[in-house]
Protein chains: 2
Amino acid sequence: MHRGTGSPIGLHRVVEPAGVLPQAAWRLDATPEIYDDEVRIAVERLNLDAASFRQLTEAHASPGAVRDEVVRIVGERGKMHNPVTGSGGMLVGVVDEVGPHSPLGLAPGQKVATLVSLTLTPLQIRDGLSGWDGHSEQVPAAGTAILFGRSIAAPLPDDLPPPLALAVMDVCGAPALTERVVKRYDAPRVLVIGAGGKSGSLSMAAARRAGASGVVAAVPTPDEADAVADSGLADDVVVVDARDPVAVAQVVTPTADVTVVCVDVPGAEGAALLATASGGTVIFFSMATSFSAAALGAEGLAADVTMLVGNGYTPGHAAMALDLLRTEPGVHRLFTRRLADLDLDMRVSP
Amino acid sequence: MHRGTGSPIGLHRVVEPAGVLPQAAWRLDATPEIYDDEVRIAVERLNLDAASFRQLTEAHASPGAVRDEVVRIVGERGKMHNPVTGSGGMLVGVVDEVGPHSPLGLAPGQKVATLVSLTLTPLQIRDGLSGWDGHSEQVPAAGTAILFGRSIAAPLPDDLPPPLALAVMDVCGAPALTERVVKRYDAPRVLVIGAGGKSGSLSMAAARRAGASGVVAAVPTPDEADAVADSGLADDVVVVDARDPVAVAQVVTPTADVTVVCVDVPGAEGAALLATASGGTVIFFSMATSFSAAALGAEGLAADVTMLVGNGYTPGHAAMALDLLRTEPGVHRLFTRRLADLDLDMRVSP
């Protein structure tokens with residue numbers, strides 16, 4: 001028995017406040033029973049947004065307390081929407097039921113990743129996250145999630161371990177938008193701040209392919225600098241604190257035409273602006289970005305710079321990011337290095 | 001006796017935390033004694049940012065309490081930087097002393113407006129704002145402010161009442177960026193959300209001049225709709241709550257190619273995204289914009305939309321905005337209507 005047809009953007013699942021979009025809602029109705037145009041996913045794994053996981057880890061004394069907080073948030077809000085950072089993440093699961101009017105083209109039994117944020121995905125957790133040690137942003141989970149008519153989900157590729165594919169798809173908006181912006185310039189100089197992370201490594205590869213004349217990688221530690229240098233994705237690697245604009249501007253000379261901000265710490269707006277040339281573009285992918293710090297920082301520096309809010313959606317973004325992973329050994333090395341610490345099941349076939 | 005040469009971006013005035021830009025600092029050194037490349041302004045009037053003034057008014061019971069809070073913030077931070085909204089405003093004053101190495105080209109006795117935000121302008125208030133009733137964002141004030149080598153200030157025009165010129169220059173980044181974006185499209189349809197306000201009315205005029213094929217004005221009240229209709233700056237005027245994305249999308253059909261967000265309330269991100277066509281651009285000028293709500297909202301709607309952080313600085317922005325005021329009667333009418341409630345001294349010559 002179905003519940004009728006829902007709104008394609010999920011308005012029918014908003015509990016409070018009334019009338020807002022699911023992303024802006026404080027609480028969603030996460031009931032597993034689907035509407036006619038919805039899809040229910042049997043959840044296997046959550047992938048928390050980096051800024052969210054970092055905040056949770058800093059705010060809670062133990063990994064157990066981090067786990068309890070995630071369970072509490074999902075129970076209270078009907079979605080994994082970190083109230084401090086405003087960010088979520090994504091999930092992997094198996095298609096459980098497809099409503100007769102779902103336009104997504106999914107079939108029961110398919111293993112998929114959701115490409116819309118957890119901040120707007122109705123979610124119920126059934127196992128108290130008992131399989132998660134709270135040490136990593138990849139969270140084994142049992143429960144149910146709901147996809148709306150206009151949600152986006154992609155089947156997991158057969159040739160990649162699921163945690164690796166999930167990690168790539170989580171940030172696939174970054175290389176797609178980086179490519180689009182870099183192509184607007186003639187052989188631009190590109191700076192990637194936070195280059196050693198997931199979105200950073202994909203953005204470096206995308207910038208190079210899109211015609212960058214040089215790629216500068218800014219990273220916080222010598223260890224990460226070694227890894228990025230080893231990847232071959234950057235022409236220069238600098239070790240610098242992204243929260244120190246003067247230091248960043250000193251090591252990035254000449255300034256960049258396109259700067260891509262991929263850090264997971266707040267306070268990188270000034271560095272990005274100071275390191276970018278007049279007429280250049282800054283793309284903010286970091287969920288820790290402050291709108292007012294960016295807007296007023298540019299005005300305060302009299303910086304004639306275009307500032308983009310990193311949009312997580314560009315058509316074809318997942319396929320492009322997976323292609324970069326498959327064809328750029330440097331991207332593959334940085335991703336597997338990052339995932340190596342997490343003790344994940346990296347077998348290709350589940 | 002001068003204090004040596006400062007940093008052109010004001011780093012020498014940052015007290016804490018060390019090493020950040022003045023805008024990101026918690027506290028600035030607002031000592032009136034200038035460095036060799038600085039300029040001291042004898043402050044006459046502050047113009048608080050609309051989002052900041054609204055927050056202060058909502059958080060404090062009486063106009064007197066609003067005034068006390070502004071005095072307290074400036075005393076504590078050495079600048080008028082609202083800690084809740086992260087925004088500031090601008091000021092008008094008379095050039096008091098010019099350091100021998102200042103590159104700004106100002107002379108003592110000139111009446112100027114600062115075009116950099118109050119969030120990074122060292123400020124001391126001497127009169128406890130005793131001339132301000134706390135009822136309006138235009139704040140008569142006596143005190144001192146400091147301009148750095150790279151700050152921007154513009155002489156007040158001779159032909160306009162200072163409060164009017166100040167109100168225009170406060171938001172002059174909006175029409176300049178709107179013009180630039182509209183010109184990227186071929187006869188685009190433009191939606192201005194919050195069209196009756198200062199940045200909204202200038203943005204409508206700029207969009208029309210830059211080649212918009214149609215301008216839709218969204219305003220919150222019938223009164224404001226009448227005023228905007230009377231201005232002749234819009235082809236359509238709709239009364240709608242900008243925080244209600246579904247309602248906004250229903251009245252804006254077809255969707256806009258360029259959407260300009262000029263409201264002073266939080267929560268307009270979803271409406272802007274839903275009302276904008278695929279391939280379109282949203283420019284967020286509202287200081288109440290949430291970065292994560294914009295980024296995740298676009299992803300959640302699978303919206304292939306370019307989202308710009310409204311930059312308060314574009315070369316030539318003040319001259320362009322003043323020109324719109326002088327040559328577009330509709331802009332002039334909307335500005336004087338807005339200022340009429342404030343009981344200001346509107347004489348041209350001070």
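This is a predicted model: local features need pLDDT of at least 70, side-chain atom pairs count only at pLDDT 80 or more; totals for chains, interfaces and linings use all residues.
User: What makes you say that R77(B) has no salt bridge?

Analyst: A salt bridge needs a side-chain nitrogen of Lys or Arg within 4 Å of a carboxyl oxygen of Asp or Glu. The nearest side chain of opposite charge to R77(B) is E76(B), 6.2 Å away. Lys and Arg count as positive, Asp and Glu as negative; His and the chain ends are not counted. So R77(B) has no salt bridge.

Residues are numbered from 1 along each chain as written, chains are lettered from A and ligands numbered from 1 in written order, and side-chain values use heavy atoms, without hydrogens and water.

User: Which backbone oxygens does the R77(B) side chain reach, and what makes these polar contacts?

Analyst: A25(B), at 3.2 Å, and H81(B), at 3.0 Å. A polar contact is a pair of N or O atoms within 3.5 Å; within protein, one must be able to donate a hydrogen and the other to accept it, and residues adjacent in sequence count only if both atoms are side-chain atoms. Both distances fall within that limit.

User: Why is T276(A) called buried?

Analyst: T276(A) has 7% relative accessibility, so it counts as buried. Its side chain joins that of T259(A) in a polar contact of 2.8 Å. A polar atom of the T276(A) side chain also lies 2.5 Å from the backbone oxygen of A272(A).

User: What makes helix α4 of chain A mostly covered?

Analyst: Eight of its 10 residues are buried. Among them are G173(A), L177(A) and V182(A). The cover includes β13 and α10 of chain A. Helices (H or I, at least four residues) and strands (E, at least two) are DSSP runs, numbered from the N terminus.

User: How do you know how the two chains are related?

Analyst: A rotation of 180° with 0.0 Å of shift along its axis superposes chain B on chain A, RMSD 0.0 Å. The two copies are thus related as by a two-fold rotation axis. The superposition is by least squares on C-alpha atoms of residues with pLDDT of at least 70 in both.

User: What makes a set of residues a nonpolar core, and how many residues has the largest?

Analyst: Its members are buried Ala, Val, Leu, Ile, Met, Phe, Trp, Tyr and Cys residues joined through side-chain atoms within 4.5 Å. The largest has 118 residues. A second, separate core has 72 residues, including F291(A) and A247(B).

Terms used
Buried means under 20% relative accessible area, exposed over 50%, partly exposed in between (1.4 Å probe, protein chains only). Contact means heavy atoms within 4.5 Å.
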